[in-house]
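Grab a pencil and work through these exercises with the model open beside you. Try each task before you read its solution.

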Amino acid sequence: MNIRKVIFIVLTAMSFGVFAQTNSLTKKADEAFNAQQYIAAVELYDKAYSKVKNNRQEKNRILWQKSECYRFLDDKERAIKTYQRLVKAKYYQVQPKLYLYMADFQRYLTDWDNAEYNYKEYLKLVPDDPLAKRRLESIEFAKKSMANPNKYDIRNEKNLNTEWNDWKPSWNEEGCNSITFSSSRNNEESKDKDAWTGEYFSDIYTATKLKSGLFGEAGNLGVAGINTEANEGELVKITNGKTSHYYFSRCNVKKNLTLNCAIYSSPIQPLEGKSGTSAKKSSDRNNKKNSKDSETSADSWVMLDLGDTAYNYFHPAVTEDELTIYFSSNRPGGHGDYDIWMATRSSVNEPFGNVTNLGNRINTEGKEEFPSLRGNRLYYSSDGLKGIGGYDIFMTELLDDGWSDPVNLGYPINTPSDEIGIIFNCNSDDNLASEESGYFSSNREGGVGGYDIYSFYRAPLLYTLSGEVRDDKSMQSVAGAKIKLIGDDNTQIETRTDAEGKYAFNNEQIRYNVNYTLKVSQIDYMNAEGKETTVGLTTSKDLVHNFRLIPIPKEPIVLPEIRYDLSRWELLDQYQDSLSDLLVILVNNPTYVIELGSHTDSRPYPALTNDTLSQRRAESVVDFLVARGIEPERLVAKGYGDRVPRTLKREAFVTMGKRTYQFPKGITLTDEYINSLKTREERKAAHQLNRRTEFRILRTDFVPQYVKDSLADAALNSTVVDIVSGNKPQTEVDIPIVYKTNRIPVTMIDGDKAQIYVILNGAAVPAIYDERHKDAAVLDWDQAMKFLKTGRITKDNFKDKDRAFNSKGEILENAVLVFKNASIGQYSAEKFEVIVKSGMEYTMILNKNGLKDFGPFIFDKGTGEIVFEN
């Protein structure tokens, strides 16, 4: 016999045998995987992998199946290692989601850098996956949340927890003294384990609070027919009067086959005289064995018909009237793997119907599960919304227009692990700002077992609002300013700033979940407005809102846009609000007499001249203000026609049709300029800017009628002075010397110090000439503050503007002050800079360079003069 032929036959037979054996193992592994028996599947895949020869594609497929088993078993470390092997094998070309799943587990382990990298790798392959984009965003969200934790105290309820999984707490009776929860602990009666998880089949347990506030030892629920050989969990008890009902999840199983999950319900039928652990060891375990002694068999419980039984339905949450049930399901028509759904009925004697998905505001492409109710709020867990870890707990509220955007409960309730199934203690007020406590379950690090039950407590949320009001020009405090607080809960509170310009609203005045508007007004200032909110705040907070009030200038101020019908002057209703700020200014400043000047553009109007039209429009504004209580003697209407084209003090934008036109600061809108513009629409926009109504202050000495009527009462004389002066001290610095030649005489101070006067913004300041001084020009801090408070300088005179001041509005040491007008006699310096220093012996010091800014000079010590060169 040909020996080569013999070898070929033997090798062929051996290869066929190995192939057949490998094929058989792979088939068994796939069958176990499809039956959700992942522990068994992993062992079979390991054996099959070692048998596969010369088939890289099949080996990679087996690795992928193993990684899926680890994913479903939540074995993060093994899953990541397997994914990394698949990346090296470039299996992402077949299964791009290996990057996504690996990034998910890395994010749960706070390996954020690698998670970010792998999310981005996945998005290169699948760029339009919204779930992956949200999970990538979750990395930054998690970092921020963990860096800014909410004020919750979290405690592991060790009396309830075991080395197995314990989850989804729920109240067992009114008063919140007894709790139920799901557990996969060893029940001491049945040794069967779930082939998916490798744990004992789950049952429902109960425990009662002790006097210490902790829970006592947990025992079986003690209700016949609930706990069976299947997996039961997520129980809800509803009590109405003397009638109670249980709703719970059950996932049935048969050998080598996992059936689907459903929600069951029936009136409570407690086992007489038995509860807790004793009940578990007797009647309920007999019930699991279908004992004839049992009052209620598992078959007597009603399975709710919520859709096609080919899909899963679990995690019930039921309203108190039992007319609405919320649950999680993978039934068709959802947005992701599992969604939150609801079903309704008109009577408790009817089946649930009208099954509706809660929509994409609540549900995502991921999983939404474990709903629970608290009034009109729905709490649930999601791994698809932006969160900290795997499943995070979210809250949404049923409003008139539907469910609100879900709010993440934040860290430390949520962590990089999973958080599911939350309930609240009876002493937790529906007001989210009140003291809050309750229970939830999590598989976070440091627990007793897998999922543990935790308690949480948060002290009441308290809020305050305070701030200070300063003059925007001088940066000084504004005392006596009125602060009006208006909340969208109809709150209206007024206060005034103190001598330091400060105001405050306490924690009884500032409430949770309210949007506030602050309106600030004071004599001689433009009104200011600000907004603050406590909506969405999850920790106590002291809100701060500071204001800068702009002094009312003497030059004309353009009012907000007021438009009129063509060739008409009547003030239209929609533009009357534009005058509200002016009205408040006049009320707050009763001594002001103002001119209301109206301007038209240069184009002619039918039937009326521009002067007549503008006069009537100005008068219509006066009529509006008089009708609201402003004395007519304080208002002067003036129509300017088209004689005063507008000069823009800042950039202006005008929208005409679909286009917005920009006009630069400093432009005067003359006909020549407007006609030079390229398009008709742009010219129309420029004309529109010229059509305006302005006001300017004519004088501030008006005496209101109520003051005149009370002049006979001498006690009110001080009031008249107060109103006329407006509490604004008018301090002037007289100019003692006017130098008319180039020879500036000096006065010797302290024997050897030469003093001259420098005019700074109209005030004469004594300055010492010291040619050896290290700084060119120095001004004493007290003198600079005096200038600031009397209005000779403002923050705009400082190089650093606002940054030249401390929080009290005081000038900082070594701040650089720039005077627009500085002179010595007939010699001036442009943008004259001085350094502000405190504790100076003299008001001002100039060295040689400082004096040179005014022109070349010599110091003639013989005559005692500083001589400027002509």
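Accessible area here is worked out by the Shrake-Rupley method, with a probe of 1.4 Å. Keep in mind that you're looking at a predicted model.

**Exercise 1: the big picture**

Task: Find out how much surface the protein exposes, and what share of its residues count as buried.

Solution: 
- The exposed surface comes to about 43700 Å², and carbon and sulfur atoms supply 48% of that.
- Now go inside. To count as buried, a residue needs a relative accessible area under 20%. Of the protein's 870 residues, 50% pass that test.
- Residues 24 or more positions apart make up 58% of them.

**Exercise 2: the disulfides**

Task: Work out how many disulfides there are and which cysteines form them.

Solution: 
- Use the cut-off of 2.5 Å between sulfur atoms. The count is two disulfides.
- Take Cys176 and Cys426, whose sulfur atoms sit 1.8 Å apart. Cys176 is in the loop between strand 2 and strand 3, while Cys426 is in the loop between strand 19 and strand 20, so this link ties together parts 250 residues apart in sequence.
- Compare the two ends. Cys176 is buried, because its relative accessibility is 6%. Cys426 has 49%, so it counts as partly exposed.
- Move on to Cys251 and Cys261, with sulfur atoms 1.9 Å apart. Strand 7 holds Cys251 and strand 8 holds Cys261, so the parts tied together are ten residues apart in sequence.
- The link of Cys251 and Cys261 is right-handed, with 105° about the S-S bond, and both of these cysteines are buried.
- Finally, number the bonded cysteines along the chain and you get the pattern 1-4, 2-3.

**Exercise 3: the nonpolar cores**

Solution: 
- Here's the background: in soluble globular proteins, nonpolar side chains tend to be buried together.
- The largest core has 40 residues, and Phe798, Phe832 and Leu851 are among those with the most contacts inside it.
- Helix 15 (residues 781-789) is the top contributor to this core, with five residues.
- Zoom in on Leu851. Beyond its neighbours within four places in sequence, Leu851 touches residues including Ile756, Tyr769 and Phe868.
- There's another core too, lying apart from the largest one: it has 39 residues, including Leu100 and Tyr122.

**Exercise 4: partners of strand 44**

Task: In which sense, parallel or antiparallel, does strand 44 pair with strand 40, and in which with strand 41?

Solution: 
- Strand 40 (residues 777-780) pairs with strand 44 (residues 832-837) in the parallel sense, over three bridges. In this pairing, Asp780 has Lys837 as its bridge partner.
- Strand 41 (residues 816-819) runs antiparallel to strand 44, joined by four bridges. Here Phe819 stands opposite Phe832.

**Exercise 5: one serine**

Task: Is Ser202 buried or exposed?

Solution: 
- Locate Ser202 in the loop between strand 3 and strand 4.
- Apply the cut-off: its relative accessibility is 5%, so Ser202 is buried.
- Look around: Ser202's contacts, leaving aside neighbours within four places in sequence, include Trp167, Ser183 and Glu232.

Note on methods: Residues are numbered from 1 along each chain as its sequence is written. This is a predicted model: local features need pLDDT of at least 70, side-chain atom pairs count only at pLDDT 80 or more; totals for chains, interfaces and linings use all residues. Side-chain values use heavy atoms; hydrogens and water are left out. A nonpolar core is a set of buried Ala, Val, Leu, Ile, Met, Phe, Trp, Tyr and Cys residues joined through side-chain atoms within 4.5 Å. Buried means under 20% relative accessible area, exposed over 50%, partly exposed in between (1.4 Å probe, protein chains only). Helices (H or I, at least four residues) and strands (E, at least two) are DSSP runs, numbered from the N terminus. Contact means heavy atoms within 4.5 Å. Two strands pair if DSSP finds at least two bridges between them.
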